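Colleague: I want to go through this model term by term. Please back each label with its cut-off.

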Amino acid sequence: MDAHLHFPQSHAIDAYGGGSLMAWLDSAIFPAESRLERRELAEVMALSFVSRRAAAGTTAAMVVGSAFPAAQDALVEAHLKAGLRLVTGRGIQTVGPVSAAALLTSEDDAIALSRAEIERWHGADTDPTVPASRALVQIALVPRFSPSVTPATLRALGELYDEVRADGVYFHTHLNEDASGEIAAVREGFGVERYLDTYDGRMPGGASPSLLGRRSVMAHGVHCRDDELARLAETGTSIAHCPLSQRFLGTGTMPWRRTLEAGVTIALGTDIGAGDKWHIPTVAAGAYRSHVSDERDPVALGPADLLFAATLGGARALDQEEVFGNLDVGKEADFVLVDPRREQSLDLALEGGERSPDAHVAERQELFTLLMGMTEHTIRGTYVRGRRVTPA
Ligand SMILES: [Zn+2]
C-alpha cells in the first residue's frame, strides 16, 4: 500500500532542484507537471504508471493527480483496465510562481473541476447497489499544499467536502514537510501559528468546515507540534510517511515514536518523484535506516512495525482496513506473490542467517531479513481481489 505518490511527477524522478523543497518545485517539478497538458504524453505516462505500480506490487495507492482533467481521465482509465486500486484527485493550485502558470486555475474553476471529477469517477467501477466507498477507484480533494491555494479556496474546499464526505470522498495533501520555506510560507500567508489549522477550518476571519477526518491523509508530517498531532489523532487523520523523499529533499525525518504515541496512524509512501523507489518494502527498509539514526527520536523499528505500515497501516489510513490490508477471512484478497530465491543475496541471507532457537524470535529475524532484502525483482505477481493485475 503506497499512501502518497505523484502521478504527474513520475517522469521527473531524481530531478535536480538545488536541495530545497520550494526551489525543487519551482525549477523542476512545476515545469515537469505542466507537460501533462499534452494528452498524448499523459496517456503514455498513465500506462507506465500502472505498469510500474504492478511491477512494484502496490495493490492500493493514494495518488496526487495532474492539474489537467484529461490526464486524470487517462490515469483512472488505465487503472480500471488493469484492476488496481486507486484513490486520486486533480492537483489543485490557485496561486503559484510563473513556473506553475499552466497548473493554476481560478478559485471557482478549482471547485468546479473537483466536483466534476467526483461525479465522473468516484466509485465508477461499482454498480449502484455497492457504496462508492468500497470501489476500486475513488476520488480525493487534493490541494497540493496550503501555499498553492488561497484561504478562500480552502474554505470552499471545506464546504464541498462537507457535501461529499458521506460518500467516502477523500482529502489528501502535504503537511509540515519542510521547516524552512514551506512552513514559513504558511505562517506568513495565512496568519496562522499551526500549519494544520489551514486544513482544519481555523483560519483568521472565521471558522469554516474542516477537511480532516478518517479519510484524510497528510503526507510527511515531519515537523508537527504536539497539539497538531493530537488533532490528527482526534479526527482520525493519518500520516503518509515518506522517508526516502525526506532524505532526498533534506526535510528531516518524521518522528516515528512521537507520532505513533500521539495516536496517529502511520502509513508508508514512496512520494514519487521526490522519492525514487516504487517498491514499498524498499521504503520500509529506508524507514528502518532513517529512524535508527534519527537524532531527535531514535527507534529501531521491528519487522512487525515495518510490515504493518506497509500493508494494514496503509489500509487503515484509507479507512479501508475492513476491506483489505491482510489475509483475514472475509477480506478482499489483495496480495503480492514473492519468490525470495529470485534475489541471490536475499536467498543466501534467508538460508544462512543466524536464527534464534526460540521459534518466535527466529520468525521475526527471518521476516526482518525478508523485508530489508526484498526487491521488485522477487515479485512474481500482484493480485487485487484475487485477480492478477495485468497492465496493458
Ligand atoms: Zn508529495
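This is a predicted model: local features need pLDDT of at least 70, side-chain atom pairs count only at pLDDT 80 or more; totals for chains, interfaces and linings use all residues.

Colleague: What makes His4, His6, His174 and Asp271 the ones by which the zinc ion is coordinated?

Modeller: Distance. Donors are N, O and S atoms within 2.8 Å of the metal (3.2 Å for Na, K and Ca); water is not among the atoms, so sites may look incomplete. NE2 of His4, His6 and His174 and OD of Asp271 lie at 2.0 to 2.4 Å from the zinc ion. In sequence the spacing of these donor residues reads H-x1-H-x167-H-x96-D.

Colleague: Why is the arrangement around the zinc ion called irregular?

Modeller: Four donors count as tetrahedral if all angles lie between 85 and 135 degrees. Four count as square planar, and six as octahedral, if opposite donors are over 155 degrees apart and all others between 65 and 115; anything else is irregular. Here the 4 donor atoms subtend angles of 87 to 175°, which makes the arrangement irregular.

Colleague: How do you know how many disulfides the structure holds?

Modeller: A disulfide is a pair of cysteine sulfur atoms within 2.5 Å. The structure holds 0. For Cys224, the nearest cysteine sulfur is that of Cys242, 13 Å away. From the side of Cys242, the closest cysteine sulfur is in Cys224, too far for a bond.

Colleague: Are Cys224 and Cys242 buried or exposed?

Modeller: Buried means under 20% relative accessible area, exposed over 50%, partly exposed in between (1.4 Å probe, protein chains only). Cys224 has 4%, so Cys224 is buried. Cys242 has 0%, so Cys242 is buried too.

Colleague: Why is Ala55 called partly exposed?

Modeller: Ala55 has 32% relative accessibility, so the label is partly exposed. Ala55 sits in helix H2 (residues 39-56). Helices (H or I, at least four residues) and strands (E, at least two) are DSSP runs, numbered from the N terminus.

Colleague: What does Ala55 touch beyond four places away in sequence?

Modeller: Glu376 and Ile379. Contact means heavy atoms within 4.5 Å.

Colleague: What makes the buried residues of H6 line one face of the helix?

Modeller: In H6 (residues 181-190), Glu182, Ile183, Val186 and Phe190 are buried. Seen down the axis, they fall within an arc of 95°, so they line one face. The arc is that of the directions from the helix axis to the C-beta atoms. These residues pack against helix H1, helix H5, strand E6 and strand E7. Gly191 follows H6, with a positive phi near 65°.

Colleague: And why do the buried residues of H11 line one face?

Modeller: Pro303, Leu306, Ala309 and Ala310 are buried in H11 (residues 303-310). Their arc is within 135°, so they line one face. Their cover includes helix H10 and helix H14.

Colleague: How do you know that E12 and E13 pair?

Modeller: Two strands pair if DSSP finds at least two bridges between them. E12 and E13 have 4 bridges, in the antiparallel sense. Leu337 stands opposite Gly381 in E13. The open sheet has the order E12-E13-E14, and E12 and E14 are its edge strands, each pairing on one side only.

Conventions. Residues are numbered from 1 along each chain as its sequence is written. Side-chain values use heavy atoms; hydrogens and water are left out.
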